[in-house]
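This briefing covers the nonpolar cores of a protein and one of its strands. Please look over the sequence and the model before reading the points below.

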Amino acid sequence: MANRTFVVGVGMTKFEKPGSREWDYPDMAKEAVGKALEDAGVAYDKVEQAYAGSMYGAMGQRALYETGMTGIPVMTVANACATGSSALFMARQSVKGGLADCVLALGMEKMQKGSLGAGVGKSKVTIIDHHLNSMVAGREWEMDKAPMPQMFGNAGREHMEKYGSTPEHYAWIGWKNHKHSVNNPYAQFQQEYSLDDVKNATMIFDPLTKLQCSPTSDGAAAALVVSERFVDENDLWGQAIEIAGHHIATDTPDSFEDHSSIQVVGFGVSQRAAKKAMDEAQISIDDVDVIELHDCFSANELITYEALGLAEVGEGHKLVDEQATTYGGKVVVNPSGGLISKGHPLGATGIAQCAELTWQLRGKADARQVEGARVALQHNIGLGSACAVAVYKPAS
């Protein structure tokens, strides 16, 4: 019988513009892990295993040397933009399976300025080459020099063509998430913009303007995942948040069969991961009060409304018309500001989402607090392709 799993401590650095702060992976790891341990009230020598996520640093145990060298197993995790959630998933698997009672999940990244490319190294096969080829084969589109905005921008175009969404719907999502981040001291951007500011910003790939795109960022986040026995023995019930469901899905052939850009950027994997996680947690999407959703681009947030079941397929833009995904609406999506405004240091993003939702369910999110939040959902996707969805509930 699987063990219950709980987050008892979270911590993160402020997400920074690349190069704006003099630090390296061990510095950011020490800060994030130190905050998580302090939050939990747990000594570092109680940690039995660690999973350290980074797409570019590949630091693993080295990143933790300044935090402490205790001789425990430390595994380096890399899984595109879902790296942080993958480290968290593996930490939970260890606890759930009874292999450990206290496991650290760490995510961190130092990035370059500018848009992400299609891959690194000399191989002709990259992490998204299959996805790019499917996208180009499906339409008369040439490959853009910035493939990520093109992929998600084309998904937005497809939704507009099929279902009638408009550029204004995507701009509103960018406006909303920048507005939310004003109250987040960890966010890379804390400036509120008008809707016209978002619509008139530099066009990156139509219909996506700069203020609808997540920036590259530096930063780290950490979470302590523990067993029910550990919570009990250390009297942590007052702060424990249960990971009630967690699943990672990857592509199946239907991601590419009809060359749909919506499918290429992860609709199907999001839908499958969400169903599995919610089934494990024994909830439906209607039970969810707050969501941290992978809004790498505003088009992806709208499409993911439908993948998660917040709206029927083709009707995600109706939630925008109703302003249903902000405070006072049906569910608050990205109270942290999301990737668009909080920032997107690839390896850290998933665990930063966990931190935000932990604070929300504890009622400790300050001016960002979603009133009465009892069930939270996390969605973190990385092309190509892995999607992690987790469901959180208060322990008591």
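Which residues of S4 are buried on one side, and which on the other? Cys102, Leu104, Leu106 and Met108 are buried on one side, and Val103, Ala105, Gly107 and Glu109 on the other. Buried means under 20% relative accessible area, exposed over 50% and partly exposed in between, with a 1.4 Å probe and protein chains only.

The model is predicted: local features need pLDDT of at least 70 and side-chain atom pairs count only at pLDDT 80 or more, while totals for chains, interfaces and linings use all residues. Residues are numbered from 1 along each chain as its sequence is written, and side-chain values use heavy atoms, with hydrogens and water left out.

- Strands (E, at least two residues) and helices (H or I, at least four) are DSSP runs, numbered from the N terminus.
- Strand S4 (residues 102-109) is largely enclosed by the rest of the structure, because 8 of its 8 residues are buried.
- In a regular strand, side chains alternate between the two faces of the sheet.
- Strand S2 (residues 49-53) pairs with S4 in the parallel sense over 5 bridges; strands pair if DSSP finds at least two bridges between them.
- Ala50 has Leu104 of S4 as its bridge partner.
- Strand S7 (residues 219-227) runs antiparallel to S4, joined by 8 bridges, and Ala223 in S7 stands opposite Ala105.

**Nonpolar cores**
- A nonpolar core is a set of buried Ala, Val, Leu, Ile, Met, Phe, Trp, Tyr and Cys residues joined through side-chain atoms within 4.5 Å.
- The largest nonpolar core has 49 residues, and Phe152, Ile285 and Tyr305 are among those with the most contacts inside it.
- Helix H10 (residues 267-281) gives the most to this core, with 7 residues.
- Another core, of 34 residues, lies apart from it and includes Val77, Val103, Cys354 and Ala390.
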